[in-house]
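Please keep the sequence and the structure in view while reading.

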Amino acid sequence: AAIGVVLLGHATTRLRRRRLFTATCSGACGGLCLALTALAGALLLNLHTYQRLSYEQPVAQLSFQALDDQRFQATLASDNGAPRLFELTGDEFQLDARVLKWRAWANLLGFDALFRLERLSGRYRDIADERTRPRSVVALDAEEPGVNAFALARRLPGWAKAVDASYGSATYVPMVDNARYDITLTQSGLIARPANAAARAAIE
């Protein structure tokens with residue numbers, strides 16, 4: 001870009017001195033440099049778009065130990081503190097989070113989706129079991145420290161044009177003995193991926 005500007009300035013000087021050939025050559029080379037700069041910038045922006053919109057934040061890791069038929073001890077590990085233990089009943093676990101999603105242009109500027117884990121629960125595959133068997137659910141984050149950005153986004157929709165939506169997101173996959181899952185947050189919601197052979201076998 002700098003070379004293109006210098007060449008265009010050189011072309012302007014030559015044009016004032018009525019040196020048409022050198023002015024034309026300098027102007028063409030300067031314009032070509034600026035065009036290549038614009039093309040390179042467009043390609044880099046496109047690649048950055050893919051990178052930002054596909055970015056995933058690590059949220060937590062969940063592992064399970066079977067206690068009995070459809071009873072499991074769940075260990076939730078995250079960067080926020082020591083691992084926490086819970087007892088869940090059912091065939092699958094469900095992790096719920098509240099998500100604050102930004103618009104695409106805000107993602108490109110570096111804003112990633114914000115989240116708060118809200119609850120962890122067990123669920124049954126069979127609807128009849130879901131209606132009659134013991135249910136288990138635990139709160140993961142009941143506090144509202146400082147300003148509640150999620151409530152602010154809902155009450156003041158014009159507060160920030162960068163905010164796209166505030167919504168609940170959940171992921172649920174099978175609970176089996178010794179299974180371990182990595183939980184990540186994309187720009188659109190939670191994803192649970194198997195992290196060992198037991199979890200992969202359960203998914204398959």
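Leu-39 lies in helix H2, where helices (H or I, at least four residues) and strands (E, at least two) are DSSP runs numbered from the N terminus. The model is a predicted one, in which local features need pLDDT of at least 70 and side-chain atom pairs count only at pLDDT 80 or more, while totals for chains, interfaces and linings use all residues. Residues are numbered from 1 along each chain as its sequence is written, and side-chain values use heavy atoms, with hydrogens and water left out.

Together with Leu-32, Leu-36 and Leu-43, Leu-39 makes a nonpolar surface patch of about 410 Å². Patches are made of residues with over 30% relative accessible area and no salt bridge, like charges being joined within 9 Å and nonpolar side chains (Val, Leu, Ile, Met, Phe, Trp, Tyr) within 5 Å. Accessible areas come from the Shrake-Rupley method with a 1.4 Å probe, and for residues only the protein chains shown count as cover.

The protein chain has 6 helices and 9 strands. Of its 204 residues, 33% are buried, a term that means under 20% relative accessible area, with exposed meaning over 50% and partly exposed in between (1.4 Å probe, protein chains only). The accessible surface of the chain comes to about 12400 Å², and 57% of that belongs to carbon and sulfur atoms.

Ile-183, in strand S8 (residues 180–185), counts as buried because its relative accessibility is 1%. Ile-183 and Glu-56 are 127 residues apart in sequence, yet 9.8 Å apart in space, C-alpha to C-alpha.

Which residues form salt bridges, defined as a side-chain nitrogen of Lys or Arg within 4 Å of a carboxyl oxygen of Asp or Glu? A search of the whole structure finds 6 salt bridges, and the table lists some of them.

| Pair | Closest N to O distance |
|---|---|
| Arg-193 and Glu-56 | 2.7 Å |
| Glu-92 and Arg-125 | 3.5 Å |

Glu-92 lies in strand S4 and Arg-125 in the loop between strand S5 (114–123) and helix H4 (127–132), so this pair ties together parts that are 33 residues apart in sequence. Salt bridges that share partners join Glu-92, Arg-123 and Arg-125 into one network, and Glu-92 is buried, with a relative accessible area of 10%. By contrast, Arg-193 is partly exposed at 37%, as is Glu-56 at 27%. Glu-87 is also partly exposed, with a relative accessible area of 45%, and Arg-71 counts as partly exposed at 28%.

Asp-96, which is placed in strand S4 (residues 92–102), is buried yet has no salt bridge, and the nearest side chain of opposite charge, Arg-119, is 5.3 Å away; here Lys and Arg count as positive and Asp and Glu as negative, with His and the chain ends not counted. The side chain of Asp-96 does make a polar contact with that of Gln-94 (3.3 Å), meaning a pair of N or O atoms within 3.5 Å, of which, within protein, one must be able to donate a hydrogen and the other to accept it, residues adjacent in sequence counting only if both atoms are side-chain atoms.
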